[in-house]
Amino acid sequence: MWKVQQIVSNTSQPFVVIDNWFTDDELKSVKAELNHFVSLPKEVIERSEKGNDVARYNDGKSKSYCHRFYLDKIYTEIGRDFSPTIGCRYKHFTDDFKKSMNGVFKNYMQFHPQINDTYTMLSYYENDDHYDTHYDNSVYTTVVWLFDEPKQFEGGDFEFSESKQLIKIKNNRAVIFPGIYQHKVKPISMKDDKLSGKGRFTISYFHYINPAYEK
């Protein structure tokens, strides 16, 4: 069962935290998919700092250091129906989710019914990986954190840079916020460098308003 926190009163940038985002069955399927991707040879896994679609400083230096998988590009249009990670986008359009968002973003457009397009990205963080302060191009973003327990790393917490609101990383925890919020991921420190695949997974659902889908 979801455990929802509406963080409104103690911050200038309200957001929502939902624990137990995936059901037990969903979690098994999603983790199997994530473990497959991270088990691929390191030379074929894209590093964020080498890609074009990443936030950068004025001098061109990347703000992001992690492994990345653009799931909507990896799968064919038909194949996306077989991806449990992509398939779980449905959770954003349930009545429970709508209730969780009710009254939070008073100064912003409500999550529904304007949002009509979602893009899915997987990030994987190991030793020293991090993401410096940046914002997303999405209208709203959902990030979901997953890792094996007991946790085999230190750090990796999430912070809204302007409001200084720190959110401790927790397995199967989701955070929903307007993409315009400046945010960052603190560096990861693995307890054992040989524990490949035991780092921090982030599933990012980027939500947009796509005019092509409007009636």
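This report walks through the fold, the surface and several individual residues of one predicted protein model.

## Basis of the model

The model is predicted: local features need pLDDT of at least 70, side-chain atom pairs count only at pLDDT 80 or more, and totals for chains, interfaces and linings use all residues. Residues are numbered from 1 along each chain as its sequence is written, and side-chain values use heavy atoms, with hydrogens and water left out.

## Overall fold

The protein chain holds four helices and 15 strands. Both are DSSP runs, numbered from the N terminus: helices are H or I with at least four residues, strands are E with at least two. The radius of gyration is 17 Å, close to the 17 Å that the globule rule gives for 215 residues, so the chain is as compact as a globular protein of that length. That radius is taken over C-alpha atoms, and the rule is 2.2 Å times the number of residues to the power 0.38.

Along its principal axes, the C-alpha trace spans about 45 × 40 × 40 Å. Contact means heavy atoms within 4.5 Å. Of the contacts between residues at least 6 apart in sequence, 75% join residues at least 24 apart.

## Surface, charge and cysteines

Buried residues make up 50% of the 215 residues. Buried means under 20% relative accessible area, exposed over 50%, and partly exposed in between (1.4 Å probe, protein chains only). The chain exposes about 11,200 Å², and carbon and sulfur atoms supply 49% of that area. Accessible areas come from the Shrake-Rupley method with a 1.4 Å probe; for residues, only the protein chains shown count as cover.

There are 29 positive and 30 negative side chains, and the centres of the two sets lie 4 Å apart. Lys and Arg count as positive, Asp and Glu as negative; His and the chain ends are not counted. Each charge is placed at NZ of Lys, CZ of Arg, CG of Asp or CD of Glu.

The whole structure has zero disulfides, a disulfide being a pair of cysteine sulfur atoms within 2.5 Å. C66 is buried at 0% relative accessible area. C88 is buried too, at 5%.

## K186 and H130

K186 sits in the loop between β13 (183-185) and β14 (188-190). K186 is partly exposed, at 32%. Leaving aside neighbours within four places in sequence, K186 contacts D129, H130, G156, D157, E159 and L166. D132 is 54 residues away along the chain, yet the two C-alpha atoms are separated by 7.5 Å.

H130 lies in strand β7 (residues 130-134). H130 is buried, with a relative accessible area of 17%. Not counting residues up to four places away in sequence, H130 touches several residues, including K63, Y125 and K186.

## Loops and backbone

S83 is in the loop between α2 (71-74) and α3 (84-87). S83 is buried, at 2%. Beyond four places in sequence, S83 contacts E33 and Y75.

Most residues other than glycine have a negative phi, and most peptide bonds are trans. N20 has a positive phi of about 60°. N20 lies in the loop between β2 (15-19) and α1 (24-38), and is partly exposed at 38%. N172 has a positive phi of about 65°. N172 is in the loop between β11 (165-167) and β12 (173-178), and is buried at 6%. The peptide bond from E149 to P150 is cis, with omega near 5°. P150 belongs to the loop between β8 (140-146) and β9 (153-155).
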